[in-house]
Amino acid sequence: MDIKELANLCGVSVATVSRVFNEPEKVRESTRELVLSMAKKYGYSPHSVAKSLRKRFTGLFLLAVLSEVERVFEDSYTSKFLKGAVGYFSENNLKLVVDVVNPNKTNVIEYYRSLVLSKMIDGVILMDLKDDDERVELLNELQFPYVCVGRNNRNNFIYVDSDNYNGGYIAAEHFLSLRRKKLLFVGGDPTLPFERDRRNGFFDGCKGHGDITIVEEYGYYDEKKVKEILEIYQGKFDGIFCTSDVMAYAALRFCERNGIDVPIVGFDNIHLSEIANLTTVDQHIEVVGTKAAEKLYRLSRGQKVDSELISTELIVRGTKRFLIP
């Protein structure tokens with residue numbers, strides 16, 4: 001199907017169809033939605049748009065963080081990731097633009113569409129990946145270079161991801177080596193694919209040990225929620241696994257205040273875990289950032305790249321009582 005046929009199907013002019021893909025803000029929302037839905041239904045892809053986007057290179061790449069500004073600056077994961085990504089881009093005389101998008105206030109799909117069609121950037125790094133992510137569908141439709149940090153239920157894209165399943169598994173092995181029997185699992189957001197992998201790895205690591213019980217709760221990375229969970233189960237656990245260092249630190253603070261002496265394992269190995277002397281799973285965030293930047297640059301230049309899974313490892317810290325002999 002060409003642009004004229006799509007215009008006839010929609011009952012609009014060729015110029016209107018062109019504006020939908022090049023200047024969507026100048027087209028009425030109802031008309032824009034009609035053109036996009038018909039394009040998807042009949043398999044129309046704006047090849048000419050995608051081709052024109054590759055005619056010149058700006059050397060600019062985008063990382064849009066779906067969050068609030070305050071959380072980005074508080075998030076040590078983003079800081080370590082940026083260290084790796086910015087380092088690669090700088091070494092190759094390229095630039096990374098970091099933007100913060102609040103999904104509660106912004107139409108995320110229109111945001112990405114406008115950025116891509118503006119021709120200001122050569123590629124996009126996608127974080128905060130979800131199952132059936134609409135951003136992936138859009139960028140595939142526009143044939144625009146992008147790399148995902150993480151995987152989802154489709155994996156129809158190039159990704160760089162930490163081996164979250166193995167991270168959960170080795171955390172379980174650590175508790176088994178310490179002969180812990182009553183474990184408290186505190187996850188983050190269960191709808192996120194990486195959280196699912198960490199949870200499954202941990203539970204699989206505990207399988208085959210019938211005398212072990214696991215209580216499963218979710219703290220959504222919130223210190224108050226973690227505290228409430230520990231208050232409910234106080235005295236009923238002898239080990240705590242949190243799927244983020246932020247939650248593990250909250251658990252540590254609670255245990256210190258209440259005289260609870262149990263091993264705690266976090267996940268990420270951000271600077272906070274070093275300060276608090278927490279045992280944690282290192283997912284090599286800086287390496288993920290470097291690899292994502294490299295693959296995105298190569299994709300933007302038409303080179304073939306493959307997805308990559310980065311290994312995870314346990315970093316044992318904490319008191320001598322809970323170090324493996």
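Predicted model: local features only at pLDDT ≥ 70, side-chain atom pairs only at ≥ 80, totals over all residues.
**View 1. Strands S3 and S4 form a parallel pair.** Strand S3 comprises residues 123–126 and strand S4 residues 146–149; three bridges join them. Within this pairing, leucine 126 stands opposite cysteine 148 of S4. Cysteine 148 is buried, its relative accessible area being 0%.

**View 2. The open sheet contains six strands.** The strand order is S2-S1-S3-S4-S5-S11, and the pairing is parallel. At the edges are strand S2 (95–101) and strand S11 (308–310), each of which pairs on one side only. On average, neighbouring strands of this sheet are turned by 20° against each other, with direction ignored. In general, the strands of a sheet pair through backbone hydrogen bonds, in either a parallel or an antiparallel manner.

**View 3. Cysteine 255 takes part in no disulfide.** The cysteine sulfur nearest to that of cysteine 255 belongs to cysteine 242 and is 8.9 Å away, whereas a disulfide requires two cysteine sulfur atoms within 2.5 Å. The structure as a whole holds zero disulfides. Cysteine 255 has a relative accessible area of 2% and is classed as buried, because that class covers values under 20%.

Terms used:
Residues numbered from 1 in each chain as written. Heavy atoms only, no water. Pairing = 2+ DSSP bridges. Helix = DSSP H or I, 4+ residues; strand = E, 2+ residues; numbered from the N terminus. Axes fitted to C-alpha atoms, helices over the stretch in contact; angles between N-to-C directions. Buried < 20%, exposed > 50% of the residue type's maximum accessible area, 1.4 Å probe, protein only.
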